[in-house]
Structure formats: structure tokens, C-alpha cells
Amino acid sequence: MTIIQFVLVGSALFSIGLYGVLTRRNAVLILASVELMLAAVNINLVAFDVYLKDPAHAGQIFSLFIIALAAAEVGIGIAIILMIFRNRQSADPDDLRLMRG
Amino acid sequence: MTMHAITTFAAQIVLATEEGGHAAEGGHGIEPGITSGVIVEWAWLIVVVPLVTAFLITLFGRKSPFKGWLLAEAAMAFVAIYGTVLFLVNAAQGVTYYGHVQVAEIGSYAIEWGWAVDGLSIMMYFLVGVVGLLVFTYAKGYMDADIRYTWFFASFSLFAGGMLVLVASPNFIQLIVGWELVGVASFLLIGHYWEDFANVDAANKAFMVNKVADAALFMGAIIMAVSVGSFDFNDVIGVVVNGEHGMLSQYAFWAGLLIFIGAMGKSAQFPLHVWLPDAMAGPTPVSALMHAATMVTAGVYLLGRLFPFYLDVEGIFAADVRNIIIVIGGLTLFLMGFLAIVQNDIKKVLAYSTVSQLGYMVAAMGAGAYTAGLFHLFTHAFFKALLFLGAGSVIHAVHSNDMSDMGGLRRFMPRTYWTFILGTLALIGIFPFAGFFSKDEILASMRHAGMEGQSVATFILVLGVAGAFITAFYMTRAVALTFFGTYKGHGHPHESPAIMTLPLIGLAFFAVTAGWVNIPGVYTGFTEWLAYRIPLVGLGDHHAESFDWSLIVVITPLALLGIAIGWYLYGKDRDTQLERDRFRIPVLWPLFEHLYYINDFYSAVFVRPLLGPIARAILWVDMNVIDGVVNAIGGGSLAVATGVRAADENLVDGVYNATGAATGGSGSVLRRSFTGRIQQYAAFSFVGVIVIAVVFIIL
């Protein structure tokens, strides 16, 4: 197994996540796409950690933090989306244009 | 200041005295006396206490007991007691001490504040203290109900402090500081009643005339200091005593002459005497203490302080100046005595008498008679202060200075009358009153100087003897017009209160006894007291070993003749002034009445020619320079203001408006990019990341 395979998987996963974030019309699915992007980042971190033989394993520890962060982010994100849906009966980000200049 | 510095200095003095011991031959052989000890080391308090008191009275006088008088009196009592103690110590053992503190240093010249405690300065401490205390006591009664009572005592204390700064000074710098302090105090006190414009003129005149002399004093002091390399009197005298032919001997004549001109101004010598009679515009206690007893003797004191320089036995320093000094003194004593004859203002009689007596002192200094000159200074201070205070008592009673308003007062004011008589006898020089001894010593010294080869002294001796006759005449006239005959004034005169008559009695005591400290052949303590000086040992002056009988048999009958003629002419009561003055001497009388036209001469030659052009010059400067400057400043301000306004309206406002418009414009453009679409924002962010990544990769 070479590093190139992990980098290809990570890139593909990140691109799918990015596509989802930019195109989904449902905020929940955007949130799920963000998770995909974070997973791609984790794969990259762990792969390069092993590849570079870091004695401190900074990449692996960092990915653990990101997993914890992602969990918290999903928790808060879902709560916000639920509140928005309850107030506006919609979770479409196109309908949320209060910040329009 | 450290005590160490003082003791070191004292040790040096002792050393210098011992080294200079060989110079003692031919002198008095005076031992150095006390050179250290608490009493002399703390003598600076004498100077500081009255000065501090002057400021205290100025600040808190109105609220203090007796509205400031008590503070002033306490300060003078301190000076009197300290001065008396020093006087007694000096009489018993001799005191020579010079303390000093360095204030600044300019190049190699040390600027020092110091206090000389030697025979000469102790005599002055004693005089200022004792006469001052009596005059301050008197002033409480005399100045009672004065509108500027507190201010009077503040200025008077300032004078006492200034005078003590002057006499305590061991160097020229401090002397000049004291010299100017008494000048300022004199100006303030002559102009005390400034509501009357004549008094303001008198104050200005005194100040200006003194300033002319002061300028000469400054120049003389600077020449002296540069030649010697020090401002210290002892250094100057040291150069003279060692007879060094240095720079000083080259410039000694000019330095000596200029310093003497300074002394002439302060001691009112002809032709700079014009300010003193006018100075009588001040309150009488001021005339008594400042313009008779102490301040005007500062010039004589200065000549005494520099005496070895002027005496100049070897003739390489200022010996030539001494002939000028004796001539000026002689002219003053003779010419000014006549003017006292024609005055109707009792204070002016005494003022011209003071000028005349100062002439005696200065002439004595010129004749090389250190002891005689200062002895007359000492006795004169008491009896002239007494006469002025007596005159003040009379003025207080009759509310007029003019002797035409007086007469017959001996019945109303017995104490004033008797003390005035004692003062008069002392001034005339009748045995055994104070003036007899001092005047006799001066004339004897002149005779001696004449015989020693100073030929001009013999001529001045004749003037001095004639002066004794004139003195007797004008004083008899003043006494006769004031106390005898019938009262011509208004109201009922009354004796002054005890607070005024007690000082009179105190001064009368000294007027009688002050001469007994120096009786030739009997007791000559005064000569020794004054001789405690450093670094010279032996002043080399002449002082009489015994009475000069050939002089006494001339002077005393002449004085008695003066009294007799005065009594013959004025003793008989006459109602009007015209009747009284019918004994006019044809040519001389108008000359005397116009004061030798000296004032008119000064007005015509100096004052008016200077005033006109000066006034015109000032007007021109005012019209052109000052107005021009003011107009330029105004125009400039206007132009600047216009410019500022333009800048404000265009530049500053423009910047603000442009900033606002630019912000608004850019805002309205940029707001379109804010669509509110989250996914659009995210896409832009991603593009931004890509761009940054590309940039990093390429670079």
C-alpha cells in the first residue's frame, strides 16, 4: 500500500463532501457532507502520520481531536437546523437569506 | 555648608595671621582674638532673622499681634541682643571670624554667602541692633493709625535685613546684594506716603541718584575682582598687605575711584548728595534709622572695609584716590553745613546736617584715619537718630514740619526738649558729649595727615574747623526756633506718649556716653575693637595718643561762638519768618536758598535734556515699533485665521465628505456581493482556498 492510494481516497471523499455542501438543498445533508470532508481530512492526517513516521504521532492525535470536534459540531448544527425548521417550516438554505446585503 | 568647611577656614585664618605676624610691627599689635566658637559660627542668624521676619510680616502681618509690629520688634531685639553680646565679647577678647558658604562658581570665581564677624562688622551689628530696636519701638507710637502700618514694618524689617547683609558681607557680591536691598527698602519707605506725588518723586530721585553711583560701584568691584582674582575682601586686602605688584596695582586707581563713587552715592557726598534731603519725605523713624544712623553710613563702612587698600602706605595702590576722597568729604561737610542754615523744615535741617557729618567721616577716611572716621560714624548714629526722633516727636505734636509753626515747645514737651538738647550738644561737639571726642579725633587726624605730607589735608582741616562753627550755628537756630519763643502753630501741642519718649531717653544716654569709649590718653578701647581684622595685622592708621590741645582751644570756643551768634540772632522771639530771616548775607543767601543751584543744574543738564529726547524716543518706539508689532500681529492673526477657515471649509470638510461618499459608494457596490446564499459564500471560500493554494504552489 502506498501513500498515493490514501491520498486518492481522501481527495475523492473531500470532493464528494464539497459537492454536497455546495449543491444540497437540505441543510441536514449539507451537514452530512461537511462530515465527509472532515473524514477526508482525517484519512490524510493518519496516512501522512504513518508515512512520515512521526514519533509523537501528532497526525493521529490531531485526527482524534477532529473526530471529537465533528461530533460536537453535528450536535450543535442539527439543533440549530431543527430550530430553524420549527420556526420557518423549511431547511432549505436558499430560503434563509436574512443576511442579504 | 558643613561645619568642617568652617572650622577649616577658621584654621586657615589663624594660620594666615600667624604667618603674617611680621607685618604687625608698627601696627597696634592686636592678637587675632576669637576665631571660632558657637557665638560667631551662628552669627549668620543676625542677618537671616530680620529678612525672614520681613517676609513673615508681609504674609501674616495683619493677623499677628500688633499688626506686625511685635514680629519686627522681636527681630530687632534679637539683633540688638546678639549684637551687644558680640560687642562685649569683642571688647573683652577680640573677635575675628569669617564664615562662608559657596553658592555658585563662575569660572575660577567663587560666589559665596558669608558672614564676617570682626571689629568693624560687630560695630555695625551693634549699631543697627540697638538704634534699630529703639527706633522700631518709637515707630509703634509714631506710625500709630497709619494706613499702611503693617507694610511699613515689613519694609523696615527688610531694610534692617538688607543692612545686615551688607555689613556682614565678606565679599563684593554679597555687599552689592545688601547695597541694593537697602536701596529698595529706601525707595519703598521714602515713597511710603505715595498719595502725594512729591514723595514719589523723592523716592524716584533717591533711587536714580543711587543707581548712578551703584553703576560705578559695580564697575569698581568687577575691576577689583578681575585684578585680584577673587571677590573676597580679605583676598584684596591680602594683596595690599603683601605689597604684590600684580594686576591690582595697575588698575587700583580706577577701581578705588569707582568704588568711592559708589560710596559717595550711598553716603550722600557732594555732588551726589541731592537725594538725601528729599528722602525726608519718608516717615521720621525711617529718616532716623536709615537716612541718618545706618544706611547712609554704608559708604563710609565700605571705605573702612577696604581701608588698607585706600591707605596704601607704599603708594602703589589707591593712595591718589585718598586725596580725592578727602576733598570730596571736605567740600561736603563745609558746603552742606551752610544749607542747613537756611532750611525751614526741621527735618531738612537735620538732613543737611547729616550730609555734613557724613562729609566729616569721609574726609577722615581720606586722611587715612580709620578709627576716627568710624568713631564718628558710631557716635553720630546715636545723636543724629536721637535728633531725628526728637524732631519726629515735635512733628507728631504740631502736625507740621515747618519751624515757623513751632516755637516755645520746651514748656509743652519737656522730655523731647531735654533729649533734643543733649543730642544737639553731642552734635555740636561740646565736652563731654559724644560728638566732642569723635569730631576732635577726626580733626586731629587731619592735622596729623597734613604734617605727614598730605598737603591737602591741612586745607580740609580748616574747612572742618569752620564746619564745627557752622554746625553750632544751625543747630542753635533749630533749637531756638523749635523750643523757644512763643508757640505759633494751631491747637495745643502735647508731649508724646511714653513709647516715643523712652527711646529718646535711651538714645540720649548713648549720645552722652558713646564718646567715652575712645578718650585719647585715658581709654582707647574703641581703637582696639575696630582693629580686630584679618588678614592684616595693624591697619597702620593714625589715631591720637592724647588730646590735640591746640585744636581743642580753637574748636570749642568756635563752637561756643556759633551757639552765641545763633542765640543772638534767633533766641529772641520773632513773629514772622521775614522778620526772622532779615540777617541775610547778600550774595550767599540766595545761593544757599537755591541749594547752590545743584538741583536746577541737574534738572537742566541731565534730567530735562534726557527726558525730552527719551520721551520722544519712547513715543516714536511706541508709535512705530510697538504699534507696528501690534498691528503686524493683528494682521498676521487675521490672515492666519482666514487661511485656517479656508482650510477648514475646503480641506478638512472635503476629506470628511469624500471619506463619507467613498464609504457609501463602495458600500452600495459591495453590498451586491452579499447575497445571503450560504452555499455561494462557501463556493467563494473554496475558490479563495484554491487560489491561495495555486499561488503557494507556483511560488
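Trainee: Leaving aside neighbours within four places in sequence, with which residues is B:T297 in contact?

Mentor: This is a predicted model, in which local features need pLDDT of at least 70, side-chain atom pairs count only at pLDDT 80 or more, and totals for chains, interfaces and linings use all residues. Residues are numbered from 1 along each chain as its sequence is written, chains are lettered from A and ligands numbered from 1 in the order written, and side-chain values use heavy atoms, without hydrogens and water. B:T297 lies in the loop between α12 (284-293) and α13 (298-305) of chain B. Its contacts (heavy atoms within 4.5 Å) are B:M124, B:S267, B:A292, B:L358, B:M361 and B:L377.

Trainee: Is B:T297 buried or exposed?

Mentor: Buried means under 20% relative accessible area, exposed over 50%, and partly exposed in between (1.4 Å probe, protein chains only). Because the relative accessibility of B:T297 is 0%, this residue counts as buried.

Trainee: How far apart are the closest N and O atoms of B:R305 and B:D118?

Mentor: The two residues form a salt bridge, that is, a side-chain nitrogen of Lys or Arg within 4 Å of a carboxyl oxygen of Asp or Glu. B:R305 in helix α13 and B:D118 in the loop between β2 (109-117) and α5 (119-142) are 187 residues apart in chain B. Both B:R305 and B:D118 are buried. Their closest N and O atoms are separated by 2.8 Å.

Trainee: Which residue of chain A meets B:R677 in a salt bridge?

Mentor: B:R677 is partly exposed, at 32% relative accessible area. The N to O distance of the bridge is 3.7 Å, and the partner is A:D94.

Key:
Helix = DSSP H or I, 4+ residues; strand = E, 2+ residues; numbered from the N terminus.
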